[in-house]
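I opened my notebook to look through a structure that was new to me. Here is what I looked up, entry by entry.

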Amino acid sequence: MSDPKKEGEGLKGAAFSGGKSSLETVLGFLKRTLAEGCFDALLLPVKAPGGDSFPYVLVQDKALLEDRGSPLPPIMPVQGGKAVSSLTRRGKAPRKVAALMRPCEVRATIELFKLAQVDLENIFLISIDCPGVLPVKDFAADPEKGMAAFGEVLEKWGDRKVRPVCQICHRFTAPLSDDGAGMVVDLHIGLLGIEDGEVLLIPYSPAGEEILAKLDLVPAAGGDILSAWRDRANELTKKRGEERRRAQEEMKSKVRGLNNLLETFDKCINCHNCMRVCPVCYCRLCYFDSEAVKHPPDDYLRRAGDWGSIRFLPDTILFQVGRMSHMSLSCVSCGTCEDACPMDIPVAQVFSLVADEAQEYFGYLPGRSTDEPIPLATYKEEELEEVEDAPQGASSETKEKDG
Amino acid sequence: MEEKIGVYVCECGPNIAEKVDIERVLAAVSSIEGVAVAERYKLLCSEEGKKFLKENIEKHGLTHLVVAACSPKQHELTFMNVCEEAGLNPYLFQLANIREQCAWIIEDKDEATEKAIRYVRAAISRVRYHIPLEKKEIEANPDVLVIGAGVAGIEASLLLASRARKVYLVERESSIGGKVKGFAQLFPRMESASALLEPKIKQVVENKNIELMTESEVEQLLGFFGNFVVTVRKKGGEERELNVGAVVVATGLQEFDVSGLPQYGYGKVDNVYTAGEFERMNSPDGPTQGKVLLKDGRAPRSVAIIHCVGRQEKGYCSRVCCLYSLKLAQYLKSKIPEVQVCQFYSDLCLPGKPYQRFYEETKGKGVDFIRAEKVEISEGEGGVAVNYSSESGRLEVRNFDMVILATAMEPAHGSAKLAEILNIGRGVEGFFIEEHEKLGPVSTSLEGIYIAGCAQGPKGISESIVQAEAAAGKILASLVPGRKLEPEVKVSEISEAFCIGCKTCISVCAYNAITFDELRRISVVNEVLCRGCGNCAAACPSGAARHRHFTFRQIYHELMETLR
């Protein structure tokens, strides 16, 4: 792993083709990297034999890759960051592994790296343009229908069929600016604005450039394909950004204030599934599953006495708010929490709303850099002044913006 | 064992009694489950008060004690000691601050009383969950590390060594003596610098109690007063670990770099020197063997000395520049009697007993003083032109053969890094900051680390020596061989079962007290180094890091009762 390109070098891309569809072309490219010995194994989603799910699989077998490798599966049953963490939490990979993931999964991987839950040595990160994924429950109910629906999603590039957080995702591609800053990744596969059957390989690190060189692919600055990809991606980013703001304003009016928040999470059955699937909820034992939050009966009776009544299981909202405060700065809006909620609570929509505001407040973007410290574990003297001087709930930055 | 909580409200003379309805407080808390006794007393911190508390703890067989009185900063320790004397673990005690936080800040007696009731209830609620912590004793190390072997470091070392203390004197240069070593003579008596310094250097070298470590720098400091572990690296690699009880920081100063101020022509106009360079020119072992010469080898016929170079940029007066400028004038007059010397000053700073006379004496030797502002140095006709704005505001020019810039003092380079290593503060000017300007002039925010000499701020030799003696005296008085130290017991611990090894705690620990156990892949607290600040407990998302005296349960119950 290495840092994003230095400013001013500009983005370069190499076109790659050979498959009937773009995704087939991606598979062809991956196969070549294995054949040329660029990597010893690939970590990517693979279609389960039953065709009803797409787990991450560490693949060395080219036939399996060709048959069932799914560079862009219709669902996200496991967040890729969690997969990379499972692979490397106990130490670096002994040989070279390329992990192909969606941008939100790459970002989660970087966050986990900062939290010492991922070892990036020998891990080559590949991201791919993402049109969103279907809700996992919809797909599981009828995989065949799901495959057809996702076909449409890919064609239209975004569709009401994808999950609500995917519909308003504005970080579905790699950074578009010339300096390539905004996400740590080695190589990005561009699909947007490019003819079917062809893909664009964009190196974002020296390691990415090396791999292309090894495959005799020469990335060029400018060029029709690169500008087509960039234009389309820019346009969509802008559109999604607007949709995101609109949807979040709407969501805000629904969840603002304690009563609304309680109402939103009223259905919660305390299963903690959202926490279990969240890539950045990395604790060994969630605090809210621990004995520390279990109290003696007289305590609950006293609380019932104070408030008139007390709900059981207790601390449902405390869990949600607690989890929010623990992970929202690293939240990548991947939506797995909402997928996992058996009660269809819009967990991801609420959490990503809070995450966006929290991240903006600290000027922090998860996955942007491997050495940007997570804000709550750092201390800057000027932050104190900012809190003192700013009106409640606004940083001096936003204050300035608001004029 | 049955819980027996004793609650005692202190009247603090009229301080609390007049502002808080103590009877109402007592009535509100006496029926709380577990409260065995709730009483008031006029002054609990008095000798009678302490006796009363002790007798009550024994008489009622109290298992926990709550005192509602002043700030814990004032008397927490007092009451903890009472507990100990009465055989009650001092950590089974909680102090509710109803003076500073209620009586003194709330006008309305009802409101103050309401708040006090909440605080006392919260303290009762919390104290139930207190864990009896056991005090530990460790040996204190009486050895001392002195950083910097200039006049201040040397003086402190000699004084400490005279009381049979082992002193490690660390100096990054190859020789000792610091800035004074480069001086020819010293103001105001114009005695030879080496006559003063050489015997001191000799004493250091010959003293068996002083281990001199030249070309060495401090790389790491862990621990606390009485028990520091210091890593010192010798230039070229060799690393040593030292155990000391206290540290004197005497790292001195450096000359302000005037090349950043183009108006002084330094480095561009010939025969423009900084005071330090001119000082070396006067030194018998300097580049000209003590002769004052122009670049072309002639002796100067006229010399300007510019005061306050860098004062505006640094934002402080360096205190000794006026005086050393007088000294430089005396050098010139004694070596080249016919030389014309002119001092360009904006304010003359001549505080202290002997200096007014020194000024008059220098002036009497035919040295001119011109009050000037906006001084600019440029290439002049046959010399150096000093352009300035005179006291009347007129722009004037005068030509000289030589110009000397009296530059400001700034902290020695590397001070920022050293501050980080030692974990002590620096002021906006970059000098190490003392604990209190008046009450703790040589102490720092960290117990056991002292500052002396120009490391603390610009000053002359005599003041540097005063500070060195003060720092040594502080250490000799507090770090007595054989004395035991009690490390903090209200510290953090990390649960192996909960820790997932994200190292967040390590990044927030201000005392380098947490290390990572690579084998078990968890973070581990060094209890001797931990000061119990609680950063790790607050930052740990898993609840693996826990503060022993601020557990989740304790804080939770305290808060619940405050907010109920």
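**Entry 1: a parallel pair.** I began with strand S17 (residues 302–309) and strand S22 (residues 402–407) of chain B, which run parallel and are joined by five bridges. Strands here are DSSP E runs of at least two residues, helices are H or I runs of at least four, and both are numbered from the N terminus. Two strands count as paired if DSSP finds at least two bridges between them. I looked up Ile305(B) and found that Ile404(B) in S22(B) is its bridge partner.

I noted that this is a predicted model, in which local features need pLDDT of at least 70 and side-chain atom pairs count only at pLDDT 80 or more, while totals for chains, interfaces and linings use all residues. Residues are numbered from 1 along each chain as its sequence is written, and chains are lettered from A and ligands numbered from 1 in the order in which they are written.

**Entry 2: the whole sheet.** Which strands form the open sheet, and in what order? I read seven strands in chain B, S16-S22-S17-S18-S19-S20-S21, with mixed pairing. Strand S16 (272–274) and strand S21 (395–400) of chain B are at the edges with a single partner strand each, so one side of each has no neighbour in the sheet. On average, neighbouring strands of this sheet are turned by 40° against each other, direction ignored. Axes are lines fitted to C-alpha atoms, for helices over the stretch in contact, and angles run from 0 to 180 degrees between N-to-C directions.

I then found helix H11 (residues 321–335) of chain B packing on the sheet, where it touches S17, strand S18 (340–345), strand S19 (367–380) and S22 of chain B. The direction of H11 makes about 170° with that of S17(B). Contact between two residues means that their C-beta atoms, placed from the backbone, lie within 7 Å.

**Entry 3: two hairpins.** S19(B) pairs with strand S20 (residues 383–390) of chain B in the antiparallel sense, over seven bridges. Glu379(B) stands opposite Val384(B) in S20(B). Two residues lie between the strands of this hairpin, and Gly382(B) takes a positive phi near 65°.

S20(B) also pairs with S21(B), again in the antiparallel sense, over six bridges. Here I saw Val386(B) opposite Arg398(B) in S21(B). The hairpin of S20(B) and S21(B) has four residues between the strands, and Gly393(B) in the turn has a positive phi of about 95°.

Entry 4: Is Cys536(B) buried or exposed? Cys536(B) has 26 C-beta neighbours inside 10 Å, so I put it down as buried. The rule is 20 or more other C-beta atoms within 10 Å of its own for buried, 12 or fewer for exposed, and partly exposed in between. I placed Cys536(B) in helix H16 (residues 535–539) of chain B. Not counting residues up to four places away in sequence, Cys536(B) touches Ser492(B), Cys505(B), Val508(B), Cys509(B), Ile514(B) and Ala545(B). From Cys536(B) to Pro337(B) I noted 199 residues in sequence and 69 Å in space, C-alpha to C-alpha.

**Entry 5: where the chains meet.** I found 15 residues of chain B in contact with 14 residues of chain A. On the side of chain B that touches chain A, helix H15 (residues 504–508) of chain B gives the most, with three residues.
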